[in-house]
Amino acid sequence: MEKNNNEPKSKGTLFIVSTPIGNKKDITYRAAEVLQNVDIVVGEEIKETSRLLMNLTLSKPIELLNEHNEIDKVPELMNLLMQGKTLALVSDCGTPVFADPGYHLVRACLEKKINISVIPGVTSIMTALVRSGFSLKQFLFAGFLNRTSEEREDEILQLSKVRKTVVLMDTPYRLKVILEAFAKIIPDRKAYIGMNLTMPSETHHYGTFQELYMKLKGEKFKAEYVIVFEGSNYQNYDDRHKTSKFSFREHNRNDFNRNSAPRKKYSDNSYDDKQRKRYSDNILMLSHEKDFLIKILSKNLVKDILKTNLLVKIKI
């Protein structure tokens, strides 16, 4: 039977393959199998991609996709996928797309309904997080900070208010300026820096940002690193005042902190003095929980408290 050349070719598959972050033994069996069977390997740099394949005794055609050519390269790679080719996207280390090139390629594949298969593996982010000893109930990945000092400090100021554990990464030559900026803005915040993770030369550094800056500012670094730091000091504030929705009800029930400030007289008698004192104490405790405060207080009560000028003090 003659083959019909007019039949549409089946589309290829894009494999997103995680690779070791330092220790070459961390490659997974599945990743090695995929790299062996695909038509083309797409990497950031020829040198690193060739080294990866050499470690697996493989020889494959290599296409480059990096921050310099991603927009122009995606149509070319999409053409290969539409022709039925299988592509393995790798980064220099770790998981592609995650703080690495590949986002636009993934979006294009989704739009064209090209199959995408993710091959997971080791990541520096998770390695650092679980080694840090900080809470992992919730965490925020902040990526790479801005290169200009003013915008970088503004980003750090915003991150300093986050109550979750924060993890970020950057290039080795910017470690000193980053630590200096953190030491300037949140010097007493506890942090962890993991360097050369998974490698025999890996090192781990704990302390406040001020301590870490003083410790490392005189060193010369070529090591890859990840920084993890604790959420904002509202944690300590919570330990003292228990400022949660549940504890707010408990404070009301137990008349928490009723005598901590002198009693004031009010001209409006819609609430008695005891009620006013109880609510004003709780408002002062919950000044940083502005959204929650607005939900639980009636409009009349807010208007009434405005007359006491308490809200001016807490800047709601």
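Which residues in H6 meet which residues in H7? In this predicted model, Arg-152, Glu-153, Ile-156 and Leu-157 are the residues on the H6 side. Their partners in H7 are Val-177, Ile-178, Ala-181, Phe-182, Lys-184 and Ile-185.

The geometry of the pair is as follows. H6 covers residues 149-159 and H7 covers residues 175-185. Their axes come within 10 Å and cross at roughly 50 degrees. An angle between 35 and 65 degrees falls in the oblique class, and H6 and H7 are therefore oblique to each other. The crossing of these two helices is right-handed.

H7 also has neighbours other than H6. Leu-175, Ile-178, Leu-179, Ala-181, Phe-182 and Ala-183 are buried in this helix. Residues three or four places apart in an α-helix point the same way, because there are 3.6 residues a turn. The buried residues of H7 pack against H6, and also against strands E7 (165-170), E8 and E10 (225-229) and helix H8 (209-216). Ile-178, Ala-181 and Phe-182 are among the buried residues of H7, and these three also take part in the contact with H6.

Phe-182 leads on to the aromatic residues. Together with Phe-209 and Phe-229, Phe-182 forms one aromatic cluster. The count of aromatic pairs in the model comes to five. Tyr-192 and Tyr-206 form an aromatic pair with a tilted arrangement, 4.8 Å centre to centre and with 35 degrees between the planes. This pair links distant parts of the chain, since Tyr-192 lies in strand E8 (residues 190-195) and Tyr-206 in strand E9 (residues 203-208), 14 residues apart. Are the two tyrosines, Tyr-192 and Tyr-206, buried or partly exposed? Tyr-192 has 0% relative accessibility and so counts as buried. Tyr-206 has a relative accessible area of 40% and is partly exposed.

From H3, the contact takes in Glu-70, Ile-71, Val-74, Leu-77, Met-78 and Leu-81. From H4, the residues that meet them are Tyr-103, His-104, Leu-105, Ala-108 and Cys-109. The residues of the contact of H3 with H4 divide into nine nonpolar, one polar and one charged.

Note on methods
Residues numbered from 1 in each chain as written. Predicted model: local features only at pLDDT ≥ 70, side-chain atom pairs only at ≥ 80, totals over all residues. Heavy atoms only, no water. Axes fitted to C-alpha atoms, helices over the stretch in contact; angles between N-to-C directions. Helix = DSSP H or I, 4+ residues; strand = E, 2+ residues; numbered from the N terminus. Parallel < 35°, antiparallel > 145°, perpendicular 65-115°, else oblique. Left-handed = near helix turned anticlockwise from the far one by under 90°. Contact = heavy atoms within 4.5 Å. Phe/Tyr/Trp six-rings, centres within 6.5 Å; stacked < 30°, edge-to-face > 60°. Buried < 20%, exposed > 50% of the residue type's maximum accessible area, 1.4 Å probe, protein only. Nonpolar A, V, L, I, M, F, W, Y, C, P; charged D, E, K, R; others polar.
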